[in-house]
Structures are given as C-alpha cells and as structure tokens.
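Please look over the chain below before reading on. This report then walks through its fold, its rings and its charged pairs.

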Amino acid sequence: MELLLLADPSEDKVRSYLPRSKCFVALSSGVVIGACVVQPLGTGIYELMSIAVHADHQRSGYGTALLKWVIDFYRECGASRIEVGTGTFGYQLAFYQRQGFRVTGIDHDFFVSNYQEPVFEDGIQLLDMLRLTLTYTGDASS
Ligand SMILES: CC(C)(COP(=O)(O)OP(=O)(O)OC[C@H]1O[C@@H](n2cnc3c(N)ncnc32)[C@H](O)[C@@H]1OP(=O)(O)O)[C@@H](O)C(=O)NCCC(=O)NCCS
C-alpha cells in the first residue's frame, strides 16, 4: 500500500480496485521495491491502475522493466489493449509513451472530481487526466 500510494494518493480508491486486479511486483534482493496493479475492463482490455517504485530505487530502470514485463504478460494472454490514465504533464507521460502508449482521450477535471484533496505534480495542480492506450496491433485508434 505504501508503494501504491506513491502513484495514487487516495487509499480508498486503491482499495476499491485491488480485489478485482492483479498486482505485479519487482524485487531487489528479495525485497519488494516496485508494484504495478492492473484490472480487467472487458474482454481483452485491461487498465493499468497504478505503477510505483520505491523512492530510493527510482530512476534505476526498475519501473521501465516492470512496465515492459506487464506489457509482455498481457500480450502473452492475448490482450488487445491496455489503457492507463495519467496527468496531462510530468515525466510519467513520457514514461508510458516510451513503451508505445498513445493519447486517446482527455478526462476533464478528473483530479478535481475524484479526489477530496487537490493533487499536485511539480508544484502544479493536476486537473485533467489523459487517457493513454497501448494497442497490441500498434493502432491506437482501434
Ligand atoms: C513512474 C515510476 C514508476 C517510474 O519508475 P522508475 O524506476 O523511476 O523508472 P525508470 O528508472 O525506468 O525511469 C525511466 C524514465 O522515467 C523518467 N523518470 C523516472 N523518474 C523520474 C523522476 N523522478 N523525475 C524525472 N524523470 C523521471 C526518466 O526519463 C527515466 O529515464 P532516465 O533516468 O534515463 O532519464 C516511478 O518514478 C514512480 O514510482 N513514481 C511515483 C509514482 C507515479 O507517479 N506513478 C505513475 C502514476 S501515473
């Protein structure tokens, strides 16, 4: 939970999707240093709900390795696409797009409507959520 709260500040929200999700973890010397939660949305469609790496281990490649592993896992499962919601700015946007995610929508005021407290990134309040999609056919519009 400590890790997952790095990616989503609402513990209630995290607890609401955990029961129907799979949680993947990254280990270093047997210690969990990263986690990624994915829930099914429909047949062959999944949503990456959360990915986080412990602050002491960030920028060491663990997050990218975990994300790639999860993408490969769902490709092997025959998934057609994975979606993720993220802020409209910040390094996370590049983190996902580097692995082939593309912008497929905007959820205006998502962070205002769905969180009791304002959410900040780089000192700027997050208002809107970008929806990103990775399609296994390579066509984000399908
Ligand atoms: C997003 C996250 C999971 C990435 O994991 P990571 O192990 O740090 O990622 P990597 O080491 O593979 O880094 C990949 C790239 O992401 C970018 N990046 C990662 N952390 C960054 C940071 N704190 N500041 C700026 N860029 C960062 C860099 O471009 C980095 O590549 P580089 O180090 O070669 O420049 C991790 O930073 C994290 O837990 N962040 C807090 C939670 C979060 O925001 N989750 C995503 C919610 S949408």
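The sections below go from the whole chain to single side chains.

**Ground rules.** This is a predicted model, in which local features need pLDDT of at least 70, side-chain atom pairs count only at pLDDT 80 or more, and totals for chains, interfaces and linings use all residues. Residues are numbered from 1 along each chain as its sequence is written, and side-chain values use heavy atoms, with hydrogens and water left out.

**The whole chain.** The chain has 5 helices and 8 strands. Helices (H or I, at least four residues) and strands (E, at least two) are DSSP runs, numbered from the N terminus. Read from that end, the order is α-α-β-β-β-α-β-α-β-α-β-β-β. The C-alpha atoms fill a box of roughly 40 × 40 × 30 Å along the principal axes.

Of the 142 residues, 42% count as buried. Buried means under 20% relative accessible area, exposed over 50%, and partly exposed in between (1.4 Å probe, protein chains only). Now take the contacts (heavy atoms within 4.5 Å). Among those with a separation of 6 or more, 60% join residues 24 or more positions apart.

**Aromatic rings.** A pair of aromatic rings is described by the distance of the centres and the angle of the planes. Rings of Phe, Tyr and Trp (its six-membered ring) pair if their centres lie within 6.5 Å; planes under 30 degrees apart count as stacked, over 60 as edge-to-face and the rest as tilted. By this rule there are 11 aromatic pairs. Phenylalanine 73 is partly exposed because its relative accessibility is 25%. Tyrosine 74 has 2%, so tyrosine 74 is buried. Phenylalanine 111 and tyrosine 115 are stacked, because their planes lie at 20° with the centres 6.0 Å apart. Phe24, Tyr46, Trp69, Phe73 and Tyr74 form one aromatic cluster.

**Salt bridges.** Side chains of opposite charge can pair when their charged atoms come close. A salt bridge here is a side-chain nitrogen of Lys or Arg within 4 Å of a carboxyl oxygen of Asp or Glu. The whole structure holds 5 salt bridges, including these:

| Residue pair | N to O distance |
|---|---|
| Arginine 131 and glutamate 47 | 3.1 Å |
| Aspartate 72 and arginine 75 | 2.6 Å |
| Arginine 81 and glutamate 83 | 3.0 Å |

Which strands hold arginine 131 and glutamate 47? Arginine 131 lies in strand β8 (residues 129-135) and glutamate 47 in strand β3 (residues 45-53), so the pair ties together parts 84 residues apart in sequence. Both arginine 131 and glutamate 47 are buried. Aspartate 72 and arginine 75 both lie in helix α3 (residues 62-76), 3 residues apart, about one turn of the helix. Aspartate 72 is partly exposed at 39%, and arginine 75 is partly exposed at 44%. Arginine 81 is partly exposed at 24%, whereas glutamate 83 is buried at 14%. Glu47, Arg81, Glu83 and Arg131 are linked in a network of salt bridges.
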